[in-house]
Amino acid sequence: MPFLPEVAMDEKLMSKKKPTYPIGDMLDKYLKECNRKIKIPVFYDDLLRFAGSVVVYDNNDQDTLWVRVYYEEHERPEIESSLKKVYIILHSDGNFDAIEFLNIDAIDYCTFGNSKPFRIKIRNILNDNYTYIYVKKADASRIYGLELEHLFSPNRINFLVYKNTLIEEHIAGIPGDVFIKDFLPDLSDQAKAQIAKEFVKFNERCQMRLLGDMRSYNYVIIPIHDFDHVEYKIRPIDFDQQCFEGKLKVYQPQFFKENYKMVKVVTDRLQPSSIEQYKKEERSILAKRIMTTRSRYENLVACMCEDRITTQENLNELREHLYNFTLDLKFRRSQSMGEILKTAMEFVRRNYENINMKRLLDGD
């Protein structure tokens, strides 16, 4: 599908609200086998017992849609101690010797979006280095999104699940909306061409693995300094819309109006042949990852095939969109989002194998 700036303005792509889907028995077993399910000392509901809050503003005095919460004096020590333990379980081997050097600087609560997460700022008092962890309500589709990111993206991601609570590590980077507003206009032509290439690959990656709602505030830009230039990478930070929506465009970041300027850079800086080349590169990379993670991937998809993580209406709509896009009858026969994803992954893998076979027969 071509990159066209005028189609990046569709405002009616998303459903109004996505429900939270429970973790089924098969997914629960999968998480345990992959060491994602570990007993933790604090639950999402525990953090909801805050006594009050104040609005958090950014450096430009704009409302960030986060509020800083505080707790009753008799509850605060226990909550902070539990959060320190969660950090150690997530990031180390569970050795609590260093817990005395950790401090909870802030607990923020997001009032925007479906997941309503808590963001915990944890600082090492010995050197003032700090990072964040996120405490969210466990949701099956979000967990599938995190695990697919771990398996199929260039990145690895760390998270834990226990009962109704999900703990996620922080993904560092420049928020996409901030990058587009404050950094993109001042980039050199070479840098714009590089970010255009990365956006094409990111767009293709999201479409192939059915990760939706990648509006500019749901991904980050990561500048990587090479010896003579800066490379830019794009990482999703919100996995709430994994395999939920029925419209195929939801899984293509190019169709969100918030990404219009990124799409414009693509069309200004890249030739159609280059765009197609980068899309093929990304499909090839995904096919290789499918083959190298086959056992874990097949176990995960088996869980997805048994789970209900969308509405029947969305399922019917998406399988028709994908059939019209690929003419693969397996999409029409899919009975769950897991089967749709499995068919999409097999479609990518088969195409990769057919191309390699053709090259072999041609003597390349």
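This is a tour of side-chain contacts and helix packing, in the order in which to select them.

The model is predicted: local features need pLDDT of at least 70, side-chain atom pairs count only at pLDDT 80 or more, and totals for chains, interfaces and linings use all residues. Residues are numbered from 1 along each chain as its sequence is written, and side-chain values use heavy atoms, with hydrogens and water left out.

**Aromatic rings**

Start with Phe50 and Tyr109. Their ring centres are 5.6 Å apart and their planes stand at 50 degrees, so the pair is tilted. Rings of Phe, Tyr and Trp (its six-membered ring) pair if their centres lie within 6.5 Å; planes under 30 degrees apart count as stacked, over 60 as edge-to-face and the rest as tilted. Phe50 sits in the loop between helix H2 (44-47) and strand E1 (52-57), while Tyr109 belongs to strand E3 (residues 102-110), 59 residues apart. Helices (H or I, at least four residues) and strands (E, at least two) are DSSP runs, numbered from the N terminus.

Colour the two by accessibility: Phe50 is partly exposed at 25% relative accessible area, and Tyr109 is buried at 12%. Buried means under 20% relative accessible area, exposed over 50%, and partly exposed in between (1.4 Å probe, protein chains only). The whole structure has 13 aromatic pairs.

**Charges over rings**

Next select Tyr130 and Tyr132. Lys121 lies over the face of Tyr130, 4.2 Å from the ring centre. Arg119 lies over the face of Tyr132, at 5.7 Å from the ring centre. A charge sits over a ring if NZ of Lys or CZ of Arg is within 6 Å of the ring centre and within 35 degrees of the ring normal.

**Salt bridges**

Return to strand E3 and select Asp108. Its salt bridge is with Arg68, and the closest N and O atoms are 2.7 Å apart. A salt bridge is a side-chain nitrogen of Lys or Arg within 4 Å of a carboxyl oxygen of Asp or Glu. Arg68 is in strand E2 (residues 63-70), 40 residues from Asp108. Asp108 is buried, at 2% relative accessible area, whereas Arg68 is partly exposed at 35%.

In strand E3, select Asp105 too. A salt bridge joins Asp105 to Arg123 (2.8 Å, N to O). Arg123 lies in strand E4 (residues 118-124), so this pair ties together parts 18 residues apart in sequence. Asp105 is partly exposed at 31%, and Arg123 is partly exposed at 21%.

Move to Asp213 and Arg215, whose side chains meet in a salt bridge (2.6 Å, N to O). Both Asp213 and Arg215 are buried. Then select Lys18, Lys136, Asp139, Arg142, Glu168, Asp238 and Asp240, which a network of salt bridges links. The structure holds 35 salt bridges.

**Helix packing**

Switch to a cartoon view and show helix H6 (residues 189-209) with helix H7 (residues 260-269). They pack at an angle of about 110 degrees with axes 9 Å apart. Axes are lines fitted to C-alpha atoms, for helices over the stretch in contact, and angles run from 0 to 180 degrees between N-to-C directions. H6 and H7 are therefore roughly perpendicular. Angles under 35 degrees count as roughly parallel, over 145 as roughly antiparallel, 65 to 115 as roughly perpendicular and the rest as oblique.

Last, show helix H4 (residues 140-152) and helix H9 (residues 294-306), whose axes come within 11 Å and cross at roughly 160 degrees. That makes H4 roughly antiparallel to H9.
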